[in-house]
Every structure is written in structure tokens, then in C-alpha cells.
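User: I have not worked with this one before. Could you walk me through it?

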Amino acid sequence: MSNFHYTPGLQHAGSYISSGYPYLKTYTLGNTASGVSEQSLEFLHVTKQIVIINSETSTSRDLRVHLVSTGSTANVVANKHYYDVPNNTSLTLDLKCKEIYFSNASGGSITFSVFASQTQIPTGRMYELTGSGINV
């Protein structure tokens with residue numbers, strides 16, 4: 001009998017090939033009187049794909065998607081380390097992460113949906129996303 005206990009990890013290809021554990025939720029993100037509002041989303045497991053749908057149809061409001069909080073560093077906005085999802089469009093990210101952030105710099109409110117396909121990898125095994133294009 002072996003003492004080896006095999007568990008899913010970041011380098012385990014099977015964790016990304018198999019069907020993902022689903023996450024689906026719709027949010028409404030407003031704009032505060034003091035400026036941009038932000039919504040963080042922490043997943044239960046490391047993701048393999050995230051689909052974000054900006055479902056605003058009557059207004060031209062962009063949903064800003066980024067990988068670190070705008071409050072954690074001024075570089076996110078200053079260096080444009082975000083992607084704006086225009087109204088009535090979607091963004092698909094093949095991405096392993098444990099959290100993602102959304103902000104509204106357009107004014108008013110934005111309704112959007114998030115679908116994530118999660119692996120069985122615990123978020124404790126995921127490293128912090130940092131570096132060029134993320135927060136530097």
C-alpha cells in the first residue's frame with residue numbers, strides 16, 4: 001500500500017480537462033457619490049474559465065474587469081490594467097484565478113452576469129496574481 005495521496009493541483013492537467021464546477025450569478029454594480037464602486041468575487045475553487053456578460057441594453061455603460069483591487073494599487077487604473085466590457089457584450093477569459101474584480105466608472109448602475117467553470121483545486125493552492133499587466 002502506498003503512502004502517496006494524489007490531489008488536484010495547479011500543474012494537474014486533468015483538473016483543467018474535466019468538466020468544471022459551475023458558478024453563475026447576476027450582480028448590479030452602482031456608482032457611489034465618492035467615485036467608482038467596486039465588486040470583488042472570490043471563488044470557492046481555482047477557475048479554468050470565466051464568462052462575463054454586461055447585460056445593460058438601454059445605456060452605454062462599460063463594466064471594468066481587473067485582477068486586483070483598484071484600492072490596492074493606483075497602477076490598475078493609471079496603467080490601464082483592466083478590460084472594459086461594453087454594454088450588451090460578453091468577455092470570455094480562459095484563466096486560472098481565485099478572485100476577480102469589477103468596477104463601474106461610467107456612472108449609474110450596471111447589471112452583469114458571471115459564469116465560471118471551476119476546477120477542484122482549492123484556492124489555497126493558487127498564488128497571488130501580480131506583475132506586468134496586472135498591477136505593475
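This is a predicted model: local features need pLDDT of at least 70, side-chain atom pairs count only at pLDDT 80 or more; totals for chains, interfaces and linings use all residues.

User: Where is Ile-52 in the secondary structure?
Analyst: Ile-52 sits in strand 3, which covers residues 45-54.

User: And how many residues of strand 3 are buried?
Analyst: Eight of its 10 residues are buried, so strand 3 is largely enclosed by the rest of the structure.

User: What does Ile-52 touch, leaving out residues up to four places away in sequence?
Analyst: Its contacts are Leu-63, Val-65, Thr-89, Ser-90, Leu-91, Leu-93, Ile-100, Phe-102 and Ser-113. As for Phe-115, its C-alpha is 6.5 Å from that of Ile-52, although 63 residues separate the two in sequence.

User: What is Val-114 in contact with, apart from neighbours within four places in sequence?
Analyst: The list is Tyr-23, Leu-24, Lys-25, Tyr-27, Leu-41, Ile-50, Val-51 and Phe-102. Leu-41 is 73 residues from Val-114 in sequence, and their C-alpha atoms are 9.5 Å apart.

User: Now the sheet. In what order do the strands come?
Analyst: The order is 1-8-3-6, in an open sheet of four strands with antiparallel pairing. From one strand to the next, the twist averages 20°.

User: Which strands stand at the edges, and why is one side of each left without a neighbour?
Analyst: The edges are strand 1 (21-29) and strand 6 (89-93); each has a single partner strand, so one side of each has no neighbour in the sheet.

User: What holds paired strands together in general?
Analyst: Strands of a sheet pair through backbone hydrogen bonds, in either a parallel or an antiparallel way.

User: How many bridges join strand 1 to strand 8?
Analyst: Nine bridges join them, and the two strands run antiparallel, with strand 8 made up of residues 110-122.

User: Change of topic: how many helices and strands does the protein have?
Analyst: It has two helices and eight strands. Reading from the N terminus, the elements follow the pattern α-β-β-β-β-α-β-β-β-β.

User: What about the overall dimensions along the principal axes?
Analyst: The C-alpha trace spans about 65 × 30 × 20 Å. The protein has 136 residues, of which 38% count as buried.

User: What share of the contacts comes from residues 24 or more positions apart?
Analyst: Such pairs account for 84% of the contacts with a separation of 6 or more.

User: Last one: how many positive and negative side chains are there?
Analyst: There are 8 positive and 8 negative side chains, and the centres of the two sets lie 5 Å apart.

Conventions
Residues are numbered from 1 along each chain as its sequence is written. Side-chain values use heavy atoms; hydrogens and water are left out. Two strands pair if DSSP finds at least two bridges between them. Axes are lines fitted to C-alpha atoms, for helices over the stretch in contact, and angles run from 0 to 180 degrees between N-to-C directions. Buried means under 20% relative accessible area, exposed over 50%, partly exposed in between (1.4 Å probe, protein chains only). Contact means heavy atoms within 4.5 Å. Lys and Arg count as positive and Asp and Glu as negative; His and the chain ends are not counted. The place of a charge is taken as NZ of Lys, CZ of Arg, CG of Asp or CD of Glu.
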